[in-house]
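These are my notebook entries on one chain. I wrote down what I looked up, in the order I looked.

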Amino acid sequence: MCGILGVVAQSPVNQLLYDGLQVLQHRGQDAAGIATIESNTFHLHKGNGLAHDVFRTRNMRALAGNAGIAHVRYPTAGSAVDHNEAQPFYVNSPFGLVLGHNGNLTNTSQLQKELFLDDLRHVNTNSDSEVLLNVLAHELQIESKQLRLDAKTIFAAVSAVHRRCRGAYAVVSMIAGYGLLAFRDPYGIRPLVIGSNQTEKGMEYLVASESVALDTLGFKFMRDIEPGEAVFIDFNGNLHSQQCAENPVLNPCIFEFVYLARPDSMIDGISVYETRLNMGKSLADKLARTWVDHDIDVVIPIPDSSRPSALQLAYHLGIPFREGFVKNRYIGRTFIMPGQAMRKKSVRQKLNAISVEFKDKNVLLVDDSIVRGTTSREIVQMARDAGARKVYFASAAPPVMYPNVYGIDMPSSHELIATGRTEEEICREISADRIIYQDLADLKEAVQKCNPKITKFDCACFDGEYITGDITAEYLNRIEAARSGGKANEEIDDDQMELDLAMSITSL
C-alpha cells in the first residue's frame, strides 16, 4: 500500500503535489518523493520519512514545472530503510521516465532475470517498482518508431507491460517531452481515480490513489480508472484513454474498505465510510444472534478507522457508545511500522485510556481488524489496567489467516495470529474474555451494498484465494523466508540464483 499522485496543470504543481501527499500520508509513512518536469528536465526530491520531514522550502523551490508525480511509500517489497528505494524512480533510456507505483509485483524475480539477460537493462535496487519502470521503458523502446511516441504507441507499450507483469499495480509515470501516463493492473486490485479542474488557462487533470485527494485539491471527480486501462495526458492538457488488457476484471482489495483507505474516499463507486457503517450493522446482527444474553455495558472503538463500525454496532444493539481511548496524532500508525519490537513499544505511546469509561464496566472493544495481535493484546491490557471488569473484543473484519502479496504488509503467515488458531485460542492470545469476528460473507455484502455492480473482491488475506492465479506454495515459502530473515530454499529461488550468477559473470 502506497499513495500516488500525478498532475498536469496550467501553473506550478509543487505545492499541489505536496498538499496531496499530506492527504494521502495514511497510505505510507516510510518515504516520500516528488518529481516535476520543466522544459523536459526532471526535478526530483525524495527521502525517508513523512512528507513534512522530507521536504523543506529549498526542496520545494527546486521542484519547478506545471506537471509532476508524487509518492508516499509503505514498504512491502525491498528494504524498509534504504532511502534509495524511495519513489519516484527515474530512468533515462530510451526516454526520460519517472514512475511511482502502488502495489506489489508477484513475478519480480522472473522480470529481473528477463531485464538483465534479455532486455539488457540494469536494476539498481531490490524494489519491484524499479523493475516495473524498466519493463515500461523497454516496451516503450520496442513500440516506438524512430524513437517517437504518440498515444497509440504508449498504449501498446502498456499492453505489453500487462502481458509481462503479474500482481497488483496502480502506476503514475511521466515521459519527458510527452506527458503523464497512468494505468491500473487488469484485476483492478489497487485503486486509482482521475479528476479535472477547469481554469482560465485551460483544463487540468489529477490522478490519485483516492478520491479524497481530488476533493481537497479542488479537482472534480471524473471516474475511477478501469482495470487494465491506461490514461495518457499530454503536456498540452489533452486526455487520451484506452483499455490495454485482454480480459480485465474488477477485483478491488476489500482490505482498502476495512482499514487502508480514508473514510471520506470513494473507491470504485463505493463510499468507504458507508461500508464501515454496514460492517458495524452486520457485526451487531451477528452478536445479537450468537450472544443473546450478553452483558456488555459500553462499546468503545479503537481509533480511528473502527469508529464508524463501532458507532453503528452500538446503535443497533442499544448499548452506549463511548470514546475510551485518546490517540496521540504525532505517533505513526503502528500497523505500518517495521519490526515487531517497535510496533509493541509504540502502542502505549499512541493510545491512552480514559479510565472513567472503563472502571467497573464490561467493555466491548471494536477494531477494524486483528492482524498480528500484538496491538490488540496491549490494548486489552490497557483496558484492564484502566479498571474494566471484563474486556470483549470485536473485529469488523474476518480472521486474517493468509499472506497478502498484493501490496499490504502481511506477507508472513507465522506473524498472523489467526493462522492455525481457533477463535478461542486467539481470544486467549490477546487476553480477552470473548472475541467476535465478522463473517467474510457479511463483509463482502457490506461493501457490495454500496455498489451492487461489483461482484468480486480480492479477499486473499481472509480466504487464501489469490485472484491473479500465479501464487504458488513455493512463492509463499520464499517471501516467508525473506520476511523472517532466513535463507530462501535454493530450490525455491532458482530464478534469483541464476540472475545473480549471470550478473557475477558479467562483472568479471
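**Entry 1: the parallel sheet.** I began with an open sheet of 4 strands, in the order E16-E19-E20-E21, with parallel pairing. Strands here (E, at least two residues) and helices (H or I, at least four) are DSSP runs, numbered from the N terminus. Two strands pair if DSSP finds at least two bridges between them. Strand E16 (298-301) and strand E21 (434-437) are the edge strands, and each of them pairs on one side only. I noted that neighbouring strands of this sheet are turned by 25° against each other on average, direction ignored. Axes for such angles are lines fitted to C-alpha atoms, for helices over the stretch in contact, and angles run from 0 to 180 degrees between N-to-C directions.

I then looked up one pair in it. Strand E20 (residues 390-395) pairs with E21 in the parallel sense over 4 bridges. Phe393 has Ile435 in E21 as its bridge partner.

Before going on I noted the source. The model is predicted: local features need pLDDT of at least 70, side-chain atom pairs count only at pLDDT 80 or more, and totals for chains, interfaces and linings use all residues. Residues are numbered from 1 along each chain as its sequence is written, and side-chain values use heavy atoms, with hydrogens and water left out.

**Entry 2: helices on the sheet.** I looked up what packs on strand E20 and E21 (contact means heavy atoms within 4.5 Å). H9 packs on the sheet and touches strand E19 (362-367), E20 and E21; its direction makes about 130° with that of E21. Helix H10 (residues 307-317) packs on the sheet too, touching E16 and E19, and its direction makes about 170° with that of E16.

**Entry 3: helix H9.** I checked the length of H9. The expected span is 1.5 Å times one less than the number of residues. The 19 residues of H9 should therefore span 27 Å, and its end C-alpha atoms are 27 Å apart, which agrees. Buried residues in H9 include Val272, Met279, Leu283 and Lys286. Buried means under 20% relative accessible area, exposed over 50%, and partly exposed in between (1.4 Å probe, protein chains only).

Is Lys286 buried or exposed? I found that Lys286 is buried, with a relative accessible area of 12%. Lys286 touches Tyr437 and Asp439, not counting residues up to four places away in sequence. Lys286 and Asp442 are 156 residues apart in sequence, yet 9.3 Å apart in space, C-alpha to C-alpha.

**Entry 4: the nonpolar cores.** A nonpolar core is a set of buried Ala, Val, Leu, Ile, Met, Phe, Trp, Tyr and Cys residues joined through side-chain atoms within 4.5 Å. The largest one has 40 residues, and Phe255, Met279, Val400, Met410, Val447 and Phe462 touch the most other members. Helix H8 (255-260), H9, helix H14 (440-448), helix H15 (460-463) and helix H16 (473-484) each supply at least two residues of this core. The largest share, 5 residues, comes from H8. A second, separate core of 33 residues includes Phe95, Leu105, Tyr169 and Tyr178.

I also listed partners of Met279. Among them are Phe257, Ala396, Leu443 and Val447, not counting residues up to four places away in sequence.

Entry 5: In E8, 6 of its 6 residues are buried. Strand E7 (residues 167-175) and E8 pair in the antiparallel sense over 6 bridges. These two strands form a hairpin with 3 residues between them, and Gly177 in the turn has a positive phi of about 85°. E8 is also joined by 5 bridges to strand E12 (residues 229-234), and the two run antiparallel.

Arg190 lies in the loop between strand E8 (179-184) and strand E9 (193-199). Arg190 is buried, with a relative accessible area of 0%. What does the side chain of Arg190 join by a polar contact of 3.2 Å? The partner is the side chain of Glu256. A polar contact is a pair of N or O atoms within 3.5 Å; within protein, one must be able to donate a hydrogen and the other to accept it, and residues adjacent in sequence count only if both atoms are side-chain atoms. The backbone oxygen of Tyr406 lies 2.7 Å from a polar atom of the Arg190 side chain.
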